[in-house]
Amino acid sequence: MKAVGYIQSLPPSDSQSLFDFEAEAPIPGPRDLLVSVRAVSVNPIDCKVRMRAQGTVDKPKVLGFDCAGVVLATGSEVSLFKAGDEVFYAGSILRPGTNSELHLVDERLAGPKPRNLSFTQAAALPLTSITAWELLFDRLRIPLGRPQRAGSLLVIGAGGGVGSILVQLARRLTGVTVLASASRPETRQWVLERGAHHAVDHSKKLSEEVRALGFPNVEYIISLNQTGQHFDEIAELIAPQGRFALIDDPTPIDVARLKAKSASLHWESMFTRSSFETADMVEQHRILCQVSNLLEDGLLRTTLSHVAGAITAQNLRSAHATIESHRSIGKIVLEGF
């Protein structure tokens with residue numbers, strides 16, 4: 001089968017940072033789906049893994065997590081899907097990635113592809129949707145529904161892949177007032193179109209931006225990038241007994257600054273359940289089922305912003321370069337081999 005991989009960590013400008021090669025078709029284990037890959041998206045984690053983990057000449061490392069495709073075969077213990085089903089998922093960081101014609105995924109990590117979306121549109125969503133859902137409802141425990149005095153939520157770096165779906169989920173499923181940070185006019189417009197009540201500029205002093213809108217403090221804060229740069233403002237803005245969550249790998253932050261307010265800090269990694277095979281690992285299947293239903297009902301929309309062509313090394317290198325520029329909006333997707 002065709003695949004894209006690499007042996008050593010190199011910048012995307014180097015032709016060997018990602019290259020096309022032929023690999024053996026994988027064989028499904030008991031809980032696995034064998035999927036024909038139709039579309040994949042590129043996430044910041046792809047770039048991070050490329051620069052910290054290497055392959056070998058005999059076994060190049062294959063990246064890619066998001067996938068939309070068709071089930072070709074199932075393992076002996078599979079009960080959630082059958083051959084011919086269309087699925088979307090984000091996979092596991094411990095297994096070969098989705099940048100290959102055929103891919104294996106544990107059925108507990110996959111969901112039914114939304115019927116109203118193309119494979120390309122669907123591939124933009126799994127990793128970011130799961131991350132956003134877990135941030136909102138598993139980590140920060142924001143109540144579903146629209147209770148009185150639901151509070152406010154500040155999303156820092158809301159124009160990227162996670163922010164683009166998180167803003168939609170928060171607006172559609174909760175009663176919080178959504179404040180979305182974005183530093184460029186086009187990203188501010190992007191987050192407002194996806195449901196943010198207000199857009200603020202994180203290139204300026206966030207506390208002044210938020211308080212100018214009439215919010216002296218914020219009950220919930222989610223930081224999606226550059227947390228170290230913004231942490232002083234986060235500590236200033238967080239409400240007493242507020243909750244703060246992050247997904248990036250910041251420079252050291254002084255978490256003691258949260259103590260006086262009894263504010264809590266929550267890490268989110270959507271690979272935790274799959275990496276440790278937690279007892280509730282199937283929850284990611286359930287999350288994707290709910291996201292799929294919301295998309296089919298028209299309550300959410302794809303975060304696809306750019307189709308970068310076929311799944312080739314050259315196109316993936318270009319996508320990685322765009323991600324590493326930190327100026328991408330929404331999600332970049334590649335379709336077909």
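A helix axis is here a line fitted to C-alpha atoms over the stretch in contact, and the angle between two axes runs from 0 to 180 degrees between N-to-C directions. The model under discussion is predicted. In it, helix α3 (residues 126–139) packs with helix α9 (residues 283–296) at an angle of about 105°, and their axes are 10 Å apart. Because angles of 65 to 115 degrees count as roughly perpendicular, α3 is roughly perpendicular to α9. On the α3 side the contact is made by Pro126, Ser129, Ile130, Trp133 and Glu134, and on the α9 side by Gln284, Ile287, Leu288, Gln290, Val291 and Leu294. Sorted by class, the residues of this contact are 7 nonpolar, 3 polar and 1 charged.

The largest pocket holds about 1300 Å³ of space. It is lined by 46 residues, of which Pro44, Lys48, Leu224, Asn225 and Ile247 are the closest to its centre. The largest share, 4 residues, comes from α1. By class, the lining comprises 17 nonpolar, 20 polar and 9 charged residues.

The second largest pocket has a volume of about 480 Å³. Among its 18 lining residues, Met1, Ala23, Lys59, Val62 and Pro96 are the closest to its centre. Strands β2 (19–22) and β6 (102–106) are the elements that give two or more residues to this lining, and β6 provides the largest share, 3 residues. The lining of the second largest pocket has 9 nonpolar, 3 polar and 6 charged residues.

Terms used:
Residues numbered from 1 in each chain as written. Predicted model: local features only at pLDDT ≥ 70, side-chain atom pairs only at ≥ 80, totals over all residues. Heavy atoms only, no water. Parallel < 35°, antiparallel > 145°, perpendicular 65-115°, else oblique. Contact = heavy atoms within 4.5 Å. Nonpolar A, V, L, I, M, F, W, Y, C, P; charged D, E, K, R; others polar. 1 Å grid on protein atoms, 1.4 Å probe; cavity = no way out; pocket = protein on both sides within 12 Å on 5 of 7 lines; lining within 4 Å. Points joined across faces, edges and corners; volume = space filled by probe spheres on them.
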